[in-house]
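Colleague: Please pick one part of this model and take me through it closely, starting with the charged side-chain pairs. I'd like to know what they connect, and then what lies around them and elsewhere in the chain.

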Amino acid sequence: MLDSISSAITGIFASDTFLSDASRYITFATRFILPVLAVVILWRCGRSLLSGKPEREVWGYLSLPNGAKIELTNWENIIGRAASSDVVMEYPTVSRSHAAMIRNAQGEWTLFDIGSKLGVIHNGKEVHGAVRVRTGDIIGLGGVELVFVKASVDHEREQAMGRSRPGREIRPATTLVLLTEFILFLGIQLCVAAGDELSATVPITFAALIVIMWLCYIVTRALDRVGFEIETIAFLLTAVGFGVCASSDPEALPKEMVCLIAGLFGFWMLGTFLRDLDRAKKLRWPIAGAGLVLLAVNLVTAESLFGAKNWLSIGSISFQPSEFVKVCFVFAGAATLDRLFAKRNLVLFVGFAAACVGCLAMMSDFGTAAVFFVAYLVIAFMRSGSFATVLLSAAGAAFAVFIVLTAKPYIADRFSTWGHAWDFPNDGGYQQTRTMASAASGGLFGLGAGKGWLKNVFAADTDMVFGLVCEEMGLIMGFVAVAGVLLLAFFAVKSSGSARSSFYAIASCAAVSMMVFQMILNVFGSMDILPFTGVTFPFVSKGGSSLISCWCLLGFLKAADTRQNASFAIRLPKTHGKRQYYEPPEFEDPGEEAQEQ
């Protein structure tokens, strides 16, 4: 049955009559339609994601002696004199980082002394480590007395019901209709361009992509979730990536589809898992350990491929462990540094980051090592707010780069080619010169999907994919792919200001920092603006490991979305019929870890 359908599809698009009558017109029309549709889709998603100001939620108050109230807008609040504190108290007797007020998922608050000089007093008793606080409790910080008031259940209900709800002005279903048209036109263009060599996997895969996209949307709506902009951008970029794969290696499309399904599964599972932050924090070290084991196995057993030992093969399946370690890295870093005042956590994470980067350096995968290091800087700075820490880490990294260039001459050769690719068009600058030439030949609207020549150059669909997109789909489409990743980053920065927990804020910003830096290395490296490192373009480059990793990283960004009914990582109010009400969480003990600290 499937064979007969495939033969019929292939026969239609490969027939001489079809090609002679429609090929020329379809290619011409879709060259202009595809970029226009992509721009409209991205504009609709951007307007929905970035419109309006971040809406902060108030979870409690600290009343000063003069009657003023300080709002606690996060679940983790550092109180101190330093400007980087969540609650700034400009009193000379208050330490720079004096105390911390932390709310758990059950709605209970804990007060921590984080090494203050004059101590922390709770209801007249000195705090040693941590103590539970309730409404009306008196907290003394360096002689300054504060009264804690927990936000009422009614106030939390009003906040939950009163936040902006996406999808009212920019309907996600309308955007998905446009994206469906984009995928259809792209698939038809590729089928026409293939002609007699058309593989049935191309139309079947693009039809399956449309079905999977709409199934995800239907499930999202069935769960009463209305935010679908993040997924729409990812599906747009994935469709472009499928177009690249169909042009360069159509037989690899089934594998890409399987990896997309695996990535979507990871995206949903991670979002659901992050609903319970206490559980997430307890598992941070087992997850970090799993990441290190993956890298160690890769380092010991993998074979060198083009100078790097970054591929691991199990039977007929090959994958890049470093792509999955990205998820472990973000998870462990965010879950650890959200309580930075426990210095042991900071030391352990710095050691974990150094081990990850060191393993990647020993594999000679320096591009991925740079991506991990940038994510480390983002995580460290977001919690510490210290430029000195970032500069010290950057200085150490610069010294390490100097050592690497001295010890590995072939890496130095890459740097010597940087900025001089046209001086070595048939040697070190071979790939860059071909990429730049093909990107220029595509113009604004491209030659047509499947009609480029760069796909014949090695790694055109991975390391040089930006040039291939520009050649076949046009410079506009190339900029749309870049803008899609940047739009996710802008939303992460915006949502971090209103994220309930610093875990969500840190994880989302670290995840998109990996994507953005990967994109920068891929685009600028292939265009000889930066050294050519051979990293992938998120969602667009061919490669199953990268596609799965990108969708999983997207789960961190989705979890930070606090708009009403937007994220499946945030529990919704209970419903009776059409009326929603807020049910306060039941009290559970926070565990021995909080009491010990």
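Modeller: The count for this predicted model comes to six salt bridges, a salt bridge being a side-chain nitrogen of Lys or Arg within 4 Å of a carboxyl oxygen of Asp or Glu. Before the details, some housekeeping: local features need pLDDT of at least 70 and side-chain atom pairs count only at pLDDT 80 or more, while totals for chains, interfaces and linings use all residues. Numbering runs from 1 along each chain as its sequence is written, and side-chain values use heavy atoms, with hydrogens and water left out.

Let's zoom in on Arg563. Its side chain meets that of Glu229 in a salt bridge, 3.0 Å from N to O. That pair ties together distant parts of the chain: Glu229 belongs to helix 6 (residues 229-248), whereas Arg563 sits in the loop between helix 19 and strand 14 (574-576), 334 residues away. (Helices, H or I and at least four residues, and strands, E and at least two, are DSSP runs numbered from the N terminus.) Arg563 also has a salt bridge to Asp561, at 2.8 Å from N to O. Put together, Glu229, Asp561 and Arg563 form a linked network of salt bridges.

None of this is out on the surface: Glu229 and Arg563 are buried, and Asp561 is buried along with Arg563. Buried here means under 20% relative accessible area, with exposed over 50% and partly exposed in between (1.4 Å probe, protein chains only).

Glu231 forms a salt bridge with Lys558, where the closest N and O atoms are 3.2 Å apart. Again distant parts of the chain are joined, Glu231 being in helix 6 and Lys558 in helix 19, 327 residues apart. Why does Glu231 count as buried? Because its relative accessibility is 2%. Lys558 is buried as well, with a relative accessible area of 1%.

That brings us to helix 19 (residues 544-559), which packs against helix 18 (residues 502-526) at an angle of about 145 degrees, with the axes 8 Å apart. For those numbers, axes are lines fitted to C-alpha atoms, for helices over the stretch in contact, and angles run from 0 to 180 degrees between N-to-C directions. The crossing of helix 18 and helix 19 is left-handed, meaning the near helix is turned anticlockwise from the far one by less than a right angle. Helix 18 brings Tyr504, Ala507, Ser508, Ala511, Val512, Met514 and Met515 to the contact, and helix 19 answers with Cys550, Leu553, Leu554, Phe556, Leu557 and Ala559; contact means heavy atoms within 4.5 Å. Sorted by class, that makes twelve nonpolar residues, one polar and no charged ones. The nonpolar class is Ala, Val, Leu, Ile, Met, Phe, Trp, Tyr, Cys and Pro, the charged one is Asp, Glu, Lys and Arg, and the others, Gly among them, are polar.

Stepping back, the chain has 20 helices and 15 strands, and buried residues make up 55% of its 597 residues. Of the contacts between residues at least 6 apart in sequence, 68% join residues at least 24 apart. Helix 16 (residues 465-473) is mostly covered, with nine of its nine residues buried, including Glu471 and Glu472.

Now the strands, where two count as paired if DSSP finds at least two bridges between them. An open sheet of five strands runs in the order 4-3-5-6-9 with mixed pairing. Strand 4 (87-88) and strand 9 (130-133) are at its edges, each with a single partner strand, so one side of each has no neighbour in the sheet. Strand 3 (residues 76-80) pairs antiparallel with strand 5 (residues 99-103) over four bridges; Ile79 stands opposite Ala99, and Glu76 has Ile102 as its bridge partner. Strand 3 runs parallel to strand 4, joined by two bridges, and Gly80 is partnered with Val88 there. Strand 3 is largely enclosed by the rest of the structure, since five of its five residues are buried. Glu76, Ile78 and Gly80 point one way from strand 3, and Asn77 and Ile79 the other.

There's also an open sheet of six strands, ordered 2-1-11-10-7-8 with antiparallel pairing. Strand 2 (69-72) and strand 8 (125-126) are the edge strands there.
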